[in-house]
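Welcome! Here is a short briefing on a ligand site and some charged pairs.

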Amino acid sequence: MSAILELTQISKRFGGLAAVQDLSFAVQPGRITTLIGGNGAGKTTVFNLITGYLAPDAGEIRFQGERIDGLAPHKIARTGISRGFQELRLFNRLSTLDNVQAAIPAQKGESIWRAIWGGKPLQDEAQATEARSREIIGDLTLSHQVDTLAERLSYGQQKLLALGRLVAAQGDFLLLDEPTSGLSPAMVDDFCDRMKALVASGRTILLIEHNVEIVMRLSDWVIVLHQGGKIAEGVPDEVKRNESVMHTYLGLGA
Ligand SMILES: Nc1ncnc2c1ncn2[C@@H]1O[C@H](COP(=O)(O)OP(=O)(O)OP(=O)(O)O)[C@@H](O)[C@H]1O
Ligand SMILES: [Mg+2]
């Protein structure tokens, strides 16, 4: 199987700090690949490099065979890469419905002339966007909160809404930065089921996750980062058996 995403010898420095160093890895389509590593290991920086928020100092990033490193974030988003943020980035003063609607890419309405002249196609699109948003919100079990401001939702509901915005963005390649952090065990199970369902529906997930039990449960492939470099990768069992990784770098015990 050929990789859908490939990083080749990627490096990124912040002043004197090498946040990512000579990092190469590949992501297979239709799988959950998980990046693990301690605080400051470089995981979020890798997401910023893949999504164009940062340009690498060296190396190449290919998505579906095409170079994407150095492209602007909105161009990368258009290739089908959608990203969730560690800090959620919801519109706190907008409702659940508006948060999801805002994440759905504009189609016809994007044209300035249609926006000015309006007319039926624009109305149809607005209706379709709202219907799709309500469907996503229903799937999140948040229908009863459709008009609630995002800031009024519980933390778990906010995490669900952030996931809904990711689905609404319509990418097939999803980057999720600690989607289960701070959730109750029942909500963690729910999120795991949702991630499995996303992959079953043909998406690919690149995940950042701290909880080893979740990593083992969900991942098809695990990549371990330390000080910006890759120190191990493999199927979950293999990584778990690597004692030096589990003890020295994660301090978690196998
Ligand atoms: N914009 C930036 N400017 C300067 N230094 C940065 C910047 N972004 C990240 N860093 C530094 O780069 C290193 C890697 O940070 P990164 O956020 O990628 O780590 P992480 O693995 O996501 O950690 P965490 O598990 O805490 O989220 C850290 O030392 C961090 O302080
Ligand atoms: Mg991070």
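Which residue forms a salt bridge with Glu-213? The partner is Arg-217, with the closest N and O atoms 3.3 Å apart. This is a predicted model, where local features need pLDDT of at least 70, side-chain atom pairs count only at pLDDT 80 or more, and totals for chains, interfaces and linings use all residues. Residues are numbered from 1 along each chain as its sequence is written, and side-chain values use heavy atoms, leaving out hydrogens and water.

**Salt bridges**
- A salt bridge here is a side-chain nitrogen of Lys or Arg within 4 Å of a carboxyl oxygen of Asp or Glu, and the structure holds 13 of them.
- Glu-213 and Arg-217 sit four residues apart in helix H8 (residues 212-218), so about one helical turn separates them.
- Asp-57 pairs with Lys-12, the closest N and O atoms being 3.7 Å apart.
- Lys-12 is buried at 12% relative accessibility, whereas Asp-57 is partly exposed at 48% (buried is under 20% relative accessible area, exposed over 50%, partly exposed in between, with a 1.4 Å probe and protein chains only).
- Glu-151 and Arg-93 form another salt bridge, with closest N and O atoms 2.5 Å apart.
- Arg-93 is exposed at 62% relative accessibility, and Glu-151 is partly exposed at 35%.

**Ligand 1**
- An N or O atom in the side chain of Asn-39 is 2.9 Å from an oxygen atom of ligand 1.
- His-210 places a polar side-chain atom 3.1 Å from an oxygen atom of ligand 1.
- For Ala-41, a backbone N or O atom lies 3.2 Å from a ligand 1 oxygen atom.

Methods. Chains are lettered from A and ligands numbered from 1 in the order in which they are written. A polar contact is a pair of N or O atoms within 3.5 Å; within protein, one must be able to donate a hydrogen and the other to accept it, and residues adjacent in sequence count only if both atoms are side-chain atoms. Helices (H or I, at least four residues) and strands (E, at least two) are DSSP runs, numbered from the N terminus.
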